[in-house]
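Me: I would like to go through this model with you and ask, for each label used to describe it, what the label rests on.

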Amino acid sequence: MLDRRHFLAAAAASLAMPHVARAAEPLLLWGPPATPGLLLVAAAREAALKALPMPVEVRIWRTPDEMRAGLSSGTMKAVVMPSYAAANLHNRGLGLKLVNILTQGLLSVVAPAGTVKTLADLKGKRVVVPFKNDMPDFIFRRLLAFSQITPDALSIDYSGTPPEAVQLLLAGRADAALLSEPASAGALLLASLRGKELERAIDTRLAWQKATGAASLPQAGLAISDPLGRELGEAGIRTLQQGMEAALAAVLADPSAVASDAATLFQLPGPVLARAVPFSNLVVQPASAARPDLEKLFAALAEGDPRIIGGKLPGDGFYAL
(Lines give C-alpha, C1' and ligand atoms only; values in the text may rest on other atoms or scores of the structure.)
Protein backbone atom coordinates (compact mmCIF):
# COMPACT_ATOMS: atom_id res chain seq x y z
CA MET A 1 0.00 0.00 0.00
CA LEU A 2 1.27 3.48 -0.84
CA ASP A 3 1.66 5.95 2.03
CA ARG A 4 1.11 9.66 1.45
CA ARG A 5 4.81 10.38 0.79
CA HIS A 6 5.14 7.60 -1.80
CA PHE A 7 1.82 8.55 -3.45
CA LEU A 8 2.94 12.16 -3.94
CA ALA A 9 6.27 11.01 -5.33
CA ALA A 10 4.56 8.71 -7.83
CA ALA A 11 2.16 11.45 -8.89
CA ALA A 12 5.01 13.88 -9.44
CA ALA A 13 6.87 11.31 -11.53
CA SER A 14 3.83 10.68 -13.70
CA LEU A 15 3.40 14.37 -14.37
CA ALA A 16 7.02 14.59 -15.41
CA MET A 17 6.62 11.81 -18.01
CA PRO A 18 6.00 12.84 -21.65
CA HIS A 19 2.34 12.65 -22.62
CA VAL A 20 1.43 9.63 -24.73
CA ALA A 21 -1.68 10.25 -26.84
CA ARG A 22 -4.45 7.66 -26.78
CA ALA A 23 -4.63 5.74 -30.05
CA ALA A 24 -7.13 7.40 -32.38
CA GLU A 25 -10.37 5.60 -33.16
CA PRO A 26 -10.08 4.10 -36.64
CA LEU A 27 -11.82 5.62 -39.62
CA LEU A 28 -14.19 2.85 -40.71
CA LEU A 29 -14.90 2.86 -44.44
CA TRP A 30 -18.11 0.91 -45.04
CA GLY A 31 -18.81 -0.57 -48.45
CA PRO A 32 -21.17 -3.04 -50.12
CA PRO A 33 -20.10 -6.58 -51.06
CA ALA A 34 -19.68 -5.28 -54.60
CA THR A 35 -16.78 -4.14 -56.75
CA PRO A 36 -16.70 -0.48 -55.58
CA GLY A 37 -15.84 -1.93 -52.18
CA LEU A 38 -12.55 -3.16 -53.67
CA LEU A 39 -11.50 0.47 -53.90
CA LEU A 40 -11.87 0.78 -50.13
CA VAL A 41 -9.71 -2.30 -49.52
CA ALA A 42 -7.01 -0.94 -51.82
CA ALA A 43 -7.26 2.58 -50.38
CA ALA A 44 -6.70 1.35 -46.82
CA ARG A 45 -3.25 0.20 -47.92
CA GLU A 46 -2.32 3.40 -49.72
CA ALA A 47 0.47 5.60 -48.38
CA ALA A 48 -1.65 8.71 -48.98
CA LEU A 49 -4.05 7.76 -46.20
CA LYS A 50 -1.23 7.51 -43.67
CA ALA A 51 -1.48 11.31 -43.51
CA LEU A 52 -4.92 11.05 -41.88
CA PRO A 53 -5.00 11.51 -38.09
CA MET A 54 -6.42 8.01 -37.57
CA PRO A 55 -5.90 4.49 -38.94
CA VAL A 56 -8.23 3.27 -41.69
CA GLU A 57 -10.21 0.03 -41.63
CA VAL A 58 -12.77 -1.42 -44.05
CA ARG A 59 -16.11 -3.00 -43.18
CA ILE A 60 -18.90 -4.42 -45.35
CA TRP A 61 -22.61 -3.74 -45.06
CA ARG A 62 -24.84 -6.51 -46.39
CA THR A 63 -28.22 -4.89 -47.11
CA PRO A 64 -29.46 -1.37 -47.80
CA ASP A 65 -31.50 -1.50 -44.59
CA GLU A 66 -28.34 -2.24 -42.57
CA MET A 67 -26.58 0.65 -44.28
CA ARG A 68 -29.38 3.12 -43.58
CA ALA A 69 -29.63 2.01 -39.96
CA GLY A 70 -25.90 2.55 -39.52
CA LEU A 71 -26.06 6.04 -40.97
CA SER A 72 -29.10 6.99 -38.92
CA SER A 73 -27.51 5.75 -35.68
CA GLY A 74 -24.17 7.38 -36.41
CA THR A 75 -22.27 4.09 -36.27
CA MET A 76 -21.45 4.43 -39.98
CA LYS A 77 -19.82 7.73 -40.91
CA ALA A 78 -18.14 6.94 -44.25
CA VAL A 79 -20.20 4.72 -46.53
CA VAL A 80 -20.19 3.66 -50.17
CA MET A 81 -23.86 3.81 -51.08
CA PRO A 82 -26.27 4.47 -53.95
CA SER A 83 -26.04 8.10 -54.99
CA TYR A 84 -29.81 8.64 -54.85
CA ALA A 85 -29.88 7.34 -51.26
CA ALA A 86 -27.21 9.84 -50.25
CA ALA A 87 -29.27 12.64 -51.81
CA ASN A 88 -32.43 11.40 -50.08
CA LEU A 89 -30.82 11.31 -46.63
CA HIS A 90 -29.15 14.69 -47.20
CA ASN A 91 -32.46 16.29 -48.19
CA ARG A 92 -34.12 14.77 -45.13
CA GLY A 93 -31.63 16.53 -42.89
CA LEU A 94 -29.47 13.59 -41.87
CA GLY A 95 -26.26 15.55 -42.45
CA LEU A 96 -24.62 13.65 -45.28
CA LYS A 97 -22.33 14.79 -48.10
CA LEU A 98 -21.16 12.99 -51.22
CA VAL A 99 -17.39 12.89 -51.69
CA ASN A 100 -17.17 11.09 -55.01
CA ILE A 101 -18.63 8.64 -57.50
CA LEU A 102 -17.00 5.22 -57.57
CA THR A 103 -18.92 3.52 -60.38
CA GLN A 104 -20.56 4.82 -63.51
CA GLY A 105 -22.84 1.82 -63.74
CA LEU A 106 -22.47 -1.85 -62.79
CA LEU A 107 -25.93 -3.26 -63.44
CA SER A 108 -26.68 -5.74 -66.23
CA VAL A 109 -29.68 -7.75 -67.30
CA VAL A 110 -28.29 -11.30 -67.30
CA ALA A 111 -30.10 -13.92 -69.38
CA PRO A 112 -29.47 -17.16 -71.29
CA ALA A 113 -27.33 -16.41 -74.33
CA GLY A 114 -29.29 -15.17 -77.34
CA THR A 115 -32.64 -14.79 -75.58
CA VAL A 116 -32.57 -11.06 -74.76
CA LYS A 117 -31.12 -8.21 -76.78
CA THR A 118 -33.30 -5.23 -75.83
CA LEU A 119 -35.66 -4.25 -73.04
CA ALA A 120 -38.56 -5.05 -75.37
CA ASP A 121 -37.41 -8.68 -75.40
CA LEU A 122 -38.30 -8.87 -71.69
CA LYS A 123 -42.02 -8.57 -72.43
CA GLY A 124 -43.82 -11.65 -71.20
CA LYS A 125 -40.74 -12.84 -69.31
CA ARG A 126 -40.10 -13.34 -65.61
CA VAL A 127 -37.31 -11.03 -64.39
CA VAL A 128 -35.88 -11.20 -60.88
CA VAL A 129 -34.66 -7.95 -59.33
CA PRO A 130 -32.84 -7.64 -55.98
CA PHE A 131 -33.74 -5.01 -53.39
CA LYS A 132 -37.28 -3.81 -54.10
CA ASN A 133 -37.57 -0.01 -53.93
CA ASP A 134 -33.82 0.49 -54.11
CA MET A 135 -31.36 1.47 -56.80
CA PRO A 136 -31.59 -1.62 -59.07
CA ASP A 137 -35.40 -1.51 -58.97
CA PHE A 138 -35.57 2.26 -59.54
CA ILE A 139 -33.14 2.16 -62.48
CA PHE A 140 -34.91 -0.78 -64.08
CA ARG A 141 -38.36 0.77 -63.78
CA ARG A 142 -37.20 4.08 -65.23
CA LEU A 143 -35.58 2.28 -68.17
CA LEU A 144 -38.85 0.44 -68.80
CA ALA A 145 -40.73 3.74 -68.67
CA PHE A 146 -38.29 5.36 -71.11
CA SER A 147 -38.94 2.43 -73.47
CA GLN A 148 -42.71 2.80 -72.96
CA ILE A 149 -42.94 -0.66 -71.45
CA THR A 150 -45.46 -0.93 -68.63
CA PRO A 151 -44.49 -3.05 -65.59
CA ASP A 152 -47.42 -5.39 -66.26
CA ALA A 153 -45.92 -6.28 -69.65
CA LEU A 154 -43.52 -8.57 -67.78
CA SER A 155 -43.37 -10.29 -64.42
CA ILE A 156 -40.97 -8.69 -61.93
CA ASP A 157 -40.05 -10.88 -58.99
CA TYR A 158 -38.02 -9.44 -56.14
CA SER A 159 -35.27 -11.11 -54.16
CA GLY A 160 -33.72 -10.07 -50.87
CA THR A 161 -30.14 -10.19 -52.15
CA PRO A 162 -28.24 -10.57 -55.45
CA PRO A 163 -27.14 -14.17 -54.62
CA GLU A 164 -30.80 -15.13 -54.23
CA ALA A 165 -31.50 -13.63 -57.67
CA VAL A 166 -28.62 -15.63 -59.13
CA GLN A 167 -29.99 -18.88 -57.68
CA LEU A 168 -33.46 -18.21 -59.09
CA LEU A 169 -31.98 -17.59 -62.53
CA LEU A 170 -29.76 -20.69 -62.43
CA ALA A 171 -32.67 -22.82 -61.24
CA GLY A 172 -34.76 -21.77 -64.25
CA ARG A 173 -37.30 -19.98 -62.09
CA ALA A 174 -36.62 -16.70 -63.90
CA ASP A 175 -35.93 -15.83 -67.53
CA ALA A 176 -33.54 -13.01 -66.65
CA ALA A 177 -32.11 -11.20 -63.65
CA LEU A 178 -30.99 -7.64 -63.04
CA LEU A 179 -27.62 -8.06 -61.36
CA SER A 180 -24.80 -5.84 -60.17
CA GLU A 181 -21.15 -6.80 -60.20
CA PRO A 182 -19.84 -9.18 -58.96
CA ALA A 183 -23.19 -11.03 -58.93
CA SER A 184 -23.21 -10.98 -62.75
CA ALA A 185 -19.69 -12.41 -62.89
CA GLY A 186 -20.65 -15.09 -60.38
CA ALA A 187 -23.78 -16.04 -62.29
CA LEU A 188 -21.87 -16.45 -65.56
CA LEU A 189 -19.19 -18.56 -63.88
CA LEU A 190 -21.65 -20.83 -62.06
CA ALA A 191 -23.70 -21.30 -65.22
CA SER A 192 -20.62 -22.33 -67.20
CA LEU A 193 -19.75 -24.91 -64.54
CA ARG A 194 -23.24 -26.37 -65.02
CA GLY A 195 -22.94 -26.46 -68.81
CA LYS A 196 -25.20 -23.45 -69.33
CA GLU A 197 -24.40 -20.19 -71.06
CA LEU A 198 -25.53 -16.88 -69.62
CA GLU A 199 -24.57 -13.43 -70.87
CA ARG A 200 -24.77 -9.80 -69.84
CA ALA A 201 -27.60 -9.19 -72.29
CA ILE A 202 -28.30 -5.51 -71.51
CA ASP A 203 -25.80 -3.02 -70.10
CA THR A 204 -27.96 -0.61 -68.11
CA ARG A 205 -25.27 2.09 -68.26
CA LEU A 206 -25.48 2.18 -72.05
CA ALA A 207 -29.28 1.99 -71.96
CA TRP A 208 -29.34 4.88 -69.47
CA GLN A 209 -27.06 7.00 -71.62
CA LYS A 210 -29.25 6.40 -74.65
CA ALA A 211 -32.46 7.17 -72.76
CA THR A 212 -31.32 10.30 -70.91
CA GLY A 213 -28.40 11.71 -72.88
CA ALA A 214 -26.26 11.57 -69.74
CA ALA A 215 -22.56 10.85 -70.15
CA SER A 216 -22.67 8.21 -67.43
CA LEU A 217 -24.80 6.51 -64.78
CA PRO A 218 -23.30 7.74 -61.47
CA GLN A 219 -24.68 4.84 -59.51
CA ALA A 220 -22.79 4.86 -56.22
CA GLY A 221 -20.13 6.75 -54.33
CA LEU A 222 -18.59 7.51 -50.96
CA ALA A 223 -20.70 9.64 -48.61
CA ILE A 224 -19.57 10.99 -45.25
CA SER A 225 -21.44 12.33 -42.25
CA ASP A 226 -21.15 15.99 -41.29
CA PRO A 227 -19.38 15.14 -37.99
CA LEU A 228 -16.74 13.16 -39.86
CA GLY A 229 -16.41 15.93 -42.42
CA ARG A 230 -15.71 18.44 -39.66
CA GLU A 231 -13.22 16.06 -38.03
CA LEU A 232 -11.33 15.51 -41.26
CA GLY A 233 -11.60 19.05 -42.57
CA GLU A 234 -11.22 19.92 -46.24
CA ALA A 235 -7.59 18.78 -46.25
CA GLY A 236 -8.52 15.40 -44.78
CA ILE A 237 -11.34 14.88 -47.28
CA ARG A 238 -8.96 15.66 -50.13
CA THR A 239 -6.44 13.23 -48.66
CA LEU A 240 -9.16 10.56 -48.61
CA GLN A 241 -9.94 11.32 -52.25
CA GLN A 242 -6.26 11.08 -53.22
CA GLY A 243 -5.96 7.74 -51.49
CA MET A 244 -8.95 6.42 -53.41
CA GLU A 245 -7.56 7.71 -56.71
CA ALA A 246 -4.37 5.75 -56.02
CA ALA A 247 -6.51 2.75 -55.08
CA LEU A 248 -8.32 2.90 -58.43
CA ALA A 249 -5.01 2.66 -60.26
CA ALA A 250 -4.03 -0.33 -58.10
CA VAL A 251 -7.32 -2.17 -58.69
CA LEU A 252 -7.26 -1.63 -62.44
CA ALA A 253 -3.60 -2.63 -62.70
CA ASP A 254 -3.98 -5.90 -60.77
CA PRO A 255 -7.60 -6.84 -59.98
CA SER A 256 -6.64 -10.32 -58.85
CA ALA A 257 -4.30 -9.12 -56.10
CA VAL A 258 -6.85 -6.79 -54.52
CA ALA A 259 -9.66 -9.31 -55.02
CA SER A 260 -7.64 -11.97 -53.23
CA ASP A 261 -7.10 -9.64 -50.28
CA ALA A 262 -10.81 -8.79 -50.18
CA ALA A 263 -12.26 -12.28 -50.60
CA THR A 264 -12.67 -13.11 -46.92
CA LEU A 265 -14.09 -9.71 -46.06
CA PHE A 266 -16.57 -9.87 -48.95
CA GLN A 267 -17.36 -13.55 -48.35
CA LEU A 268 -16.93 -14.06 -52.09
CA PRO A 269 -14.33 -15.94 -54.14
CA GLY A 270 -11.43 -13.74 -55.21
CA PRO A 271 -11.58 -14.90 -58.87
CA VAL A 272 -15.23 -13.82 -59.12
CA LEU A 273 -14.40 -10.38 -57.75
CA ALA A 274 -11.51 -10.05 -60.19
CA ARG A 275 -13.64 -11.09 -63.17
CA ALA A 276 -16.18 -8.42 -62.27
CA VAL A 277 -13.77 -5.47 -62.33
CA PRO A 278 -13.69 -4.92 -66.14
CA PHE A 279 -17.49 -4.67 -66.16
CA SER A 280 -17.84 -2.34 -63.17
CA ASN A 281 -16.96 1.03 -64.73
CA LEU A 282 -14.96 1.97 -61.65
CA VAL A 283 -13.94 5.61 -61.25
CA VAL A 284 -13.01 7.96 -58.43
CA GLN A 285 -14.72 11.12 -59.67
CA PRO A 286 -15.18 14.10 -57.32
CA ALA A 287 -18.87 14.56 -56.63
CA SER A 288 -18.93 18.11 -57.99
CA ALA A 289 -17.49 16.90 -61.31
CA ALA A 290 -20.26 14.30 -61.51
CA ARG A 291 -22.97 16.80 -60.58
CA PRO A 292 -24.47 17.27 -64.09
CA ASP A 293 -25.03 13.54 -64.53
CA LEU A 294 -26.08 13.12 -60.91
CA GLU A 295 -28.77 15.74 -61.40
CA LYS A 296 -29.96 14.00 -64.58
CA LEU A 297 -30.17 10.76 -62.62
CA PHE A 298 -31.98 12.37 -59.69
CA ALA A 299 -34.42 14.18 -61.98
CA ALA A 300 -35.20 10.99 -63.87
CA LEU A 301 -35.82 9.06 -60.67
CA ALA A 302 -37.99 11.89 -59.32
CA GLU A 303 -40.22 11.63 -62.40
CA GLY A 304 -41.32 8.29 -61.02
CA ASP A 305 -41.62 9.53 -57.43
CA PRO A 306 -40.03 12.73 -56.04
CA ARG A 307 -39.76 11.07 -52.62
CA ILE A 308 -36.99 8.85 -53.98
CA ILE A 309 -34.55 11.76 -53.73
CA GLY A 310 -36.21 13.49 -50.78
CA GLY A 311 -38.41 15.79 -52.84
CA LYS A 312 -35.84 18.00 -54.55
CA LEU A 313 -32.43 18.16 -56.12
CA PRO A 314 -29.76 18.52 -53.42
CA GLY A 315 -28.02 21.90 -53.30
CA ASP A 316 -24.38 22.91 -53.13
CA GLY A 317 -24.03 21.62 -49.58
CA PHE A 318 -24.47 18.04 -50.78
CA TYR A 319 -21.15 18.02 -52.62
CA ALA A 320 -18.16 17.55 -50.31
CA LEU A 321 -15.64 17.94 -53.13
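This is a predicted model: local features need pLDDT of at least 70, side-chain atom pairs count only at pLDDT 80 or more; totals for chains, interfaces and linings use all residues.

Me: What is the volume of the second largest pocket, and what makes up its lining?
Reply: The second largest pocket has a volume of about 250 Å³, and its lining includes Lys117, Leu143, Phe146, Leu206 and Lys210. H5 and helix H8 (204-212) each give two or more residues to this lining, and H8 gives the most, with 4 residues. By class there are 8 nonpolar, 2 polar and 2 charged residues; lysine counts as charged, and Lys117 and Lys210 are both in the lining.

Me: Why are H2 and H10 called roughly perpendicular?
Reply: The axes of helix H2 (residues 36-43) and helix H10 (residues 255-266) cross at roughly 110 degrees and come within 10 Å. Angles of 65 to 115 degrees count as roughly perpendicular, and the two helices are therefore given that label.

Me: How do you know that H2 and H10 meet, and which residues are involved?
Reply: Contact requires heavy atoms within 4.5 Å, and on that basis Gly37, Leu38, Val41 and Ala42 in H2 meet Val258, Ala259, Asp261, Ala262, Leu265 and Phe266 in H10. The residues of this contact comprise 8 nonpolar, 1 polar and 1 charged. Glycine counts as polar and aspartate as charged, which means that Gly37 and Asp261, both named in the contact, belong to those two classes.

Me: How many aromatic pairs does a search of the whole structure find, and why is the pair of tyrosine 84 and phenylalanine 138 called edge-to-face?
Reply: The search finds 4 aromatic pairs. In this one the ring centres are 5.2 Å apart and the planes stand at 85 degrees; a pair needs centres within 6.5 Å, and planes over 60 degrees apart count as edge-to-face, so the label applies.

Me: What does that pair tie together?
Reply: Tyrosine 84 lies in helix H4 (residues 83-91) and phenylalanine 138 in helix H5, so the pair ties together parts that are 54 residues apart in sequence.

Technical notes:
Residues are numbered from 1 along each chain as its sequence is written. Side-chain values use heavy atoms; hydrogens and water are left out. On a 1 Å grid over the protein atoms alone, a cavity is a set of points where a 1.4 Å probe fits but cannot get out, and a pocket is an open set with protein on both sides within 12 Å along at least five of seven lines; lining residues have an atom within 4 Å of a point. Grid points are joined across faces, edges and corners, and a volume is the space filled by probe spheres set on the points. Axes are lines fitted to C-alpha atoms, for helices over the stretch in contact, and angles run from 0 to 180 degrees between N-to-C directions. Angles under 35 degrees count as roughly parallel, over 145 as roughly antiparallel, 65 to 115 as roughly perpendicular and the rest as oblique. Rings of Phe, Tyr and Trp (its six-membered ring) pair if their centres lie within 6.5 Å; planes under 30 degrees apart count as stacked, over 60 as edge-to-face and the rest as tilted.
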